[in-house]
Amino acid sequence: MLDIKFLRENPELVKENIKKKFQDEKLGLVDEVIEIDEKLRQEKIKGDDLRAQRNKISKEIGALMAQKKIEEAEATKAKVKEINDALVQIEEDTKKYEVELKERMLVIPQIIDESVPVGKDDSENVEVERFGEPVVPKYEVPYHVEIMESFDGIDLDAARDTSGAGFYYLRGDIARLHSSILSYARDFMIDRGYTYYIPPFMIRSEVVTGVMSFAEMENMMYKIEGEDLYLIGTSEHSMIGKFINTITDEEKMPLRMTSYSPCFRKEVGAHGIEERGVYRIHQFEKQEMVIICKPEDSMNFYNELWKNTVDFFRSLEIPVRTLECCSGDLADLKVKSVDVEAWSPRQKKYFEVGSCSNLGDAQARRLGIKLRGEDGTYLAHTLNNTVVAPPRMLIAFLENMLQEDGSVKIPAPLRMYMGGKDKIVPVK
């Protein structure tokens with residue numbers, strides 16, 4: 001959410017930013033906000049003036065009563081009642097304008113960084129850099145579910161019977177590999193100075209609307225019926241929510257955190273749920289990284305975050321690339337974002353395995369996350385990035401580590417989590 005003062009003083013800049021995001025249907029909101037904001041300020045001025053008059057008249061009543069001028073005192077009390085009646089209406093109008101203003105401000109997108117490429121959708125995202133050499137082996141690389149089935153490691157049919165499409169059972173070496181990747185990711189981030197968290201897996205609506213846009217919320221979040229609780233789509237939501245309405249001394253910055261959670265997503269939209277696969281599903285697990293910092297440091301930490309993911313995947317010998325998200329592909333709260341994509345030998349292309357975002361002060365403004373410095377308090381900046389999200393990451397891992405004989409190589413960093421194994425062998 002933008003600062004209303006900034007929008008009031010820079011309406012054309014805000015409109016130009018909306019155009020860059022190809023959301024022309026929102027252009028009229030800027031003028032509406034300015035109009036409502038003016039009405040709101042006028043109501044507040046009228047209210048302040050009437051309260052000042054009431055205070056002055058109330059003192060006069062006291063003086064008249066002391067002088068036993070009862071009739072004059074009663075007449076003056078009538079004026080106070082008129083003022084109180086007027087204030088009731090002003091307060092009602094003020095609340096109405098505040099609600100109308102917030103409704104519009106919440107859907108006006110954050111000002112994107114000037115370095116973000118302008119483009120309409122994800123087809124216009126821009127490749128930045130590649131890390132590692134993508135290899136296509138001479139032997140065939142099967143579909144990831146077929147690889148898992150060769151280890152008797154997945155049961156989609158049973159999951160469909162118990163839960164529906166978009167769920168899975170993992171077992172045996174594949175389940176162990178899934179957990180090993182998460183354990184390694186946890187320790188990888190702890191070794192880089194991040195504090196490990198396991199957060200709540202449900203959050204209140206106040207936090208939901210503070211950390212994401214309405215469009216994301218509608219397409220992602222599962223609501224707990226009869227309660228003000230939502231299942232989290234990522235632990236970033238809980239971790240940012242942890243600091244709602246707090247003021248932290250700036251010398252404690254930055255706060256580097258890494259958090260584990262299951263994640264639950266409706267996955268409503270163009271892509272939908274895979275009937276036969278684990279790339280786009282309703283439930284998965286993820287290791288996340290989150291940073292809260294001073295505004296002037298956020299771009300440096302943005303670079304730190306995406307490099308962490310690149311380093312993690314490269315430590316497991318998986319080639320990756322970074323893809324800069326264009327303006328039209330940025331969610332409304334984001335200032336800048338880059339996807340990390342892993343190489344798929346089977347598809348002979350890269351696919352998304354993580355997303356790094358700088359949200360500027362958008363989440364902090366909505367949730368009241370402030371820092372305290374020598375000159376007073378100010379809004380923090382928030383950033384997040386995926387370390388790893390299996391089972392999606394399993395696709396990249398299994399395809400890249402698959403050997404000609406059907407076994408899967410276990411890179412050195414994972415072996416301690418896999419009981420010392422340097423490979424796993426199919427049973428079918």
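Strand β13 (residues 349-358) has 8 of its 10 residues buried, so the rest of the structure largely encloses it. This is a predicted model.

**Strand β13 and its partners**

- Strand β12 (residues 336-344) pairs with β13 in the antiparallel sense, over 9 bridges.
- Within that pairing, Val-338 has Cys-356 of β13 as its bridge partner.
- The hairpin of β12 and β13 has 4 residues between the strands. In this hairpin, Lys-348 takes a positive phi near 60 degrees.
- Strand β16 (residues 381-388) also pairs with β13. The sense is antiparallel, and there are 3 bridges.
- Cys-356 has a bridge partner in β16 as well: Asn-385.

**Aromatic pairs**

- A pair of aromatic rings is described by two values: the distance of the centres and the angle of the planes.
- The structure holds 8 aromatic pairs.
- One of them joins Tyr-184 and Tyr-417. The ring centres are 6.3 Å apart and the planes stand at 50 degrees, so this pair is tilted.
- Tyr-184 lies in helix α7 (residues 172-191), while Tyr-417 lies in the loop between α14 (412-415) and β18 (423-424). The pair therefore ties together parts that are 233 residues apart in sequence.
- Why do Tyr-184 and Tyr-417 count as buried? Buried means under 20% relative accessible area. Tyr-184 has 10%, and Tyr-417 has 17%.
- Phe-188 and Phe-312 form an edge-to-face pair. The distance is 5.4 Å centre to centre, with 80 degrees between the planes.
- Phe-188 is in helix α7 and Phe-312 is in helix α11 (residues 298-315), so this pair ties together parts 124 residues apart in sequence.
- Both Phe-188 and Phe-312 are buried.

**The aromatic cluster**

- Which residues form one aromatic cluster? They are Tyr-184, Phe-188, Phe-312, Phe-313 and Tyr-417.
- Helix α7 contributes Tyr-184 and Phe-188 to this cluster.

**Charges over rings**

- Lys-223 places its charged end over the ring of Tyr-230, 5.5 Å from the ring centre.
- Arg-392 places its charged end over the ring of Tyr-279. Here the distance from the ring centre is 3.8 Å.

Note on methods:
Residues numbered from 1 in each chain as written. Predicted model: local features only at pLDDT ≥ 70, side-chain atom pairs only at ≥ 80, totals over all residues. Heavy atoms only, no water. Phe/Tyr/Trp six-rings, centres within 6.5 Å; stacked < 30°, edge-to-face > 60°. Helix = DSSP H or I, 4+ residues; strand = E, 2+ residues; numbered from the N terminus. Buried < 20%, exposed > 50% of the residue type's maximum accessible area, 1.4 Å probe, protein only. Lys NZ or Arg CZ within 6 Å of the ring centre and 35° of its normal. Pairing = 2+ DSSP bridges.
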